[in-house]
Amino acid sequence: MKALFYERFGGPVTVADLPDPEAPEGGAVVRVEASGLCRSDWHAWVGHDDTVRLPHVPGHEFAGVVAAVGDGVTRWRVGDRVTAPFVNGCGRCEWCLAGAAQVCPQQTQPGFTHWGSHAELVTVRAADTNLVRIPGALDAAAAASLGCRFATAYRAVTARARIQPGEWLAVYGAGGVGLSAVMIASALGARVVAVDRSPAALDLAARLGAQETVLAGADAPDAVVAATGGGAHATVDAVGSADTARAGVLSLRRQGRHVQVGLLATAVPDLPLDRVIGWELEVLGSHGMAAADYPAMLQLVASGRLRPQDLVGGAAGFAEAARLLETADSAPPTGIAVLRPGA
């Protein structure tokens, strides 16, 4: 198979010919039709994720067709169109059996714990637990975004922030997760404030439903409080920095909910815990979304209320995708870039 490939952190990303994977027991091999180029892939390439072992093939959000199934797989056949969450549960532990595979202690993650989907073929372990059928009308590029950014935002907004119609949600970061959160919250009837350092990203957030936009900076929490008439009911940090985590908490009204989605690679945030206590704030983590929770999201996609396809930017072949991966941390906001193996 052809795949993006690197042999040292921060080193050249090349297009390599590598051995085809074989379906493990209980797992499946998926022929990739589209794979999103995500900032998390850049974090792995730089060396911020200690689960990555070199040499490596990145990529963790994808859509495609089942090419092979291993012994013990009962729900899937060759030819099924599928995607999968970026967190794959083991399928056996108490959390997986309860439908919470996103916190499975034995979880695997294509593109992190093993070779990923920036390739013609990718392996998914515990296929009966982790594969998700793609609705027939959904394009592969849009379906690829469901595995990480869109599904992560959906669970953060609905299950963790518990946003309700008419409430204010402040979203810090207008990248893939943040823009998805803007779209989802707006579709569910919430009022959204988007915060980002890029005016172009804020313009895109406004087109996707944000009622207010705030330029990131030291005074952003005050601006959010003013725009929302006393503070947001919930906030989402989709960036992952000490500054945005603290700003998210400071943007809340009393008894508000802050959801931390963005990974903090190094700095530990100095959260105002005195306010957390005195105002009875909630500070919550959110880590992807299990396959068991996809049906409600896919129902909204099928109805047209959610349109992940509107977040997709350009498609790239392998050579262009290699360049985009190396520059993902500084890429302008043009929507989700997608690797198309056949492009």
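**Helix α5 and its surroundings**

Colleague: What is the span of helix α5, and how many residues does it have?

Modeller: Helix α5 covers residues 176-187, so by number it has 12 residues, and it reaches 17 Å from its first C-alpha to its last. That is close to the 16 Å expected at 1.5 Å a residue. Keep in mind that this is a predicted model.

Colleague: Is α5 largely enclosed or open?

Modeller: Largely enclosed by the rest of the structure, because 9 of its 12 residues are buried.

Colleague: Which residues of α5 are buried?

Modeller: Val177, Gly178, Leu179, Ser180, Ala181, Val182, Met183, Ile184 and Ala185.

Colleague: And what covers them?

Modeller: The cover includes two helices, α4 (140-160) and α6 (199-207). Strands β8 (168-172) and β9 (191-196) are also part of it.

Colleague: Let's take α4. At what angle do α4 and α5 pack?

Modeller: About 50°, with their axes 8 Å apart. That makes α4 oblique to α5.

Colleague: Right-handed or left-handed crossing?

Modeller: The crossing of α4 and α5 is right-handed.

Colleague: Which residues make the contact?

Modeller: From α4, Arg149, Phe150, Ala153, Tyr154 and Val157. From α5, Gly176, Val177, Ser180, Ala181, Met183, Ile184 and Ala185.

Colleague: How many of those are nonpolar, polar and charged?

Modeller: By class, the contact of α4 with α5 has 9 nonpolar, 2 polar and 1 charged.

Colleague: Other topic. Which residue follows α5, and what is its phi?

Modeller: Gly189 follows α5, and its phi is positive, near 95°.

Notes:
Residues are numbered from 1 along each chain as its sequence is written. This is a predicted model: local features need pLDDT of at least 70, side-chain atom pairs count only at pLDDT 80 or more; totals for chains, interfaces and linings use all residues. Side-chain values use heavy atoms; hydrogens and water are left out. Helices (H or I, at least four residues) and strands (E, at least two) are DSSP runs, numbered from the N terminus. Buried means under 20% relative accessible area, exposed over 50%, partly exposed in between (1.4 Å probe, protein chains only). Contact means heavy atoms within 4.5 Å. Axes are lines fitted to C-alpha atoms, for helices over the stretch in contact, and angles run from 0 to 180 degrees between N-to-C directions. Angles under 35 degrees count as roughly parallel, over 145 as roughly antiparallel, 65 to 115 as roughly perpendicular and the rest as oblique. A crossing is left-handed if the near helix is turned anticlockwise from the far one by less than a right angle, and right-handed if clockwise. Ala, Val, Leu, Ile, Met, Phe, Trp, Tyr, Cys and Pro count as nonpolar, Asp, Glu, Lys and Arg as charged, and the others, Gly among them, as polar.
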